[in-house]
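Colleague: Could you take me through one part of this model up close? I'd like to hear about the charged pairs and what surrounds them.

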Amino acid sequence: MRVLPMILAATALALAPTSMAWADPGHAGHDHAAEAAYGRPGDPAKGGRVVQVMMKETDNGMAFAPERIAVRQGEQVKFVLRNGGELDHELVIGTVEANHRHAEEMASHPDMAHEDPNAKRLGPKTSGVLRWQFTQAGTFEYACLIPGHREAGMVGTVVVR
C-alpha cells in the first residue's frame with residue numbers, strides 16, 4: 001500500500017527538529033537562487049560595485065558604517081564586510097517587513113545560523129563577502145538580527161532607483 005510511505009514522511013516531518021529556523025529567502029522550501037522582492041543572489045563570476053561595510057559597537061549602541069547606500073536597479077553589489085567589534089554581528093538584506101519577521105524568529109532561536117545568500121554572520125575581528133543584485137526599485141534594509149543588535153542601532157537602508 002502507498003499509505004505507509006506517506007505516514008512515514010509525515011512522521012519524519014513531525015519529529016524534525018523545531019529549533020531550526022531559516023532566514024528569508026532560504027527558508028525550507030525556497031530556492032536559494034530565487035528572486036525576492038529586494039533582489040537575488042549576486043553572481044561571483046560578475047564584478048559589481050564594492051561597498052565596504054563596518055560592523056561595530058559604539059558608545060551609543062551598535063552600528064553599520066555606512067548606514068545608507070544608494071544603488072541602481074539591476075546593479076550587483078559586492079559587500080565587503082568587516083566586524084570591527086568584540087561581538088558577533090551579521091548583515092541580513094531584506095524588506096523591512098521580512099527582517100522584522102526574521103528578528104522575531106531570532107528572538108526565539110538566538111543561535112540561528114545563516115547559510116543564506118542574503119545574510120552573512122561574522123565573529124569578532126573577522127571579515128567576509130556578500131554579493132547581492134538589487135533587481136527591484138524601492139527602499140530596503142540591511143540589519144543585524146542577533147537579538148538586541150537591531151534595537152541597539154544596527155540597521156541600514158538601501159535605496160534602489
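Modeller: For a salt bridge here, a side-chain nitrogen of Lys or Arg has to sit within 4 Å of a carboxyl oxygen of Asp or Glu. Keep in mind that this is a predicted model. By that rule, the side chains of Glu 75 and Arg 49 pair up, at 2.9 Å from N to O. The two come from distant parts of the chain, 26 residues apart: Glu 75 is in the loop between strand 4 (68-71) and strand 5, and Arg 49 is in strand 2. Glu 75 is buried, at 9% relative accessible area, while Arg 49 counts as partly exposed at 33%. The pair also belongs to a network of salt bridges that takes in Arg 72.

The strands are worth a look too. Strand 2 (residues 49-58) runs parallel to strand 5, joined by 7 bridges, with Val 53 opposite Leu 81. Strand 5 also pairs with strand 8 (residues 127-133), this time antiparallel and again over 7 bridges; there Gln 76 faces Gln 133.

Now follow strand 5 (residues 76-83) to Asn 83. Among the residues Asn 83 touches is Lys 125, which brings us back to charges: Lys 125 forms a salt bridge with Glu 86, closest N and O atoms 3.2 Å apart. Glu 86 is in the loop between strand 5 and strand 6 (89-94) and Lys 125 in the loop between strand 7 (119-122) and strand 8, so this pair ties together parts 39 residues apart in sequence. Both Glu 86 and Lys 125 are exposed.

Technical notes: Residues are numbered from 1 along each chain as its sequence is written. This is a predicted model: local features need pLDDT of at least 70, side-chain atom pairs count only at pLDDT 80 or more; totals for chains, interfaces and linings use all residues. Side-chain values use heavy atoms; hydrogens and water are left out. Helices (H or I, at least four residues) and strands (E, at least two) are DSSP runs, numbered from the N terminus. Contact means heavy atoms within 4.5 Å. Two strands pair if DSSP finds at least two bridges between them. Buried means under 20% relative accessible area, exposed over 50%, partly exposed in between (1.4 Å probe, protein chains only). Lists of a residue's contacts leave out its neighbours within four places in sequence.
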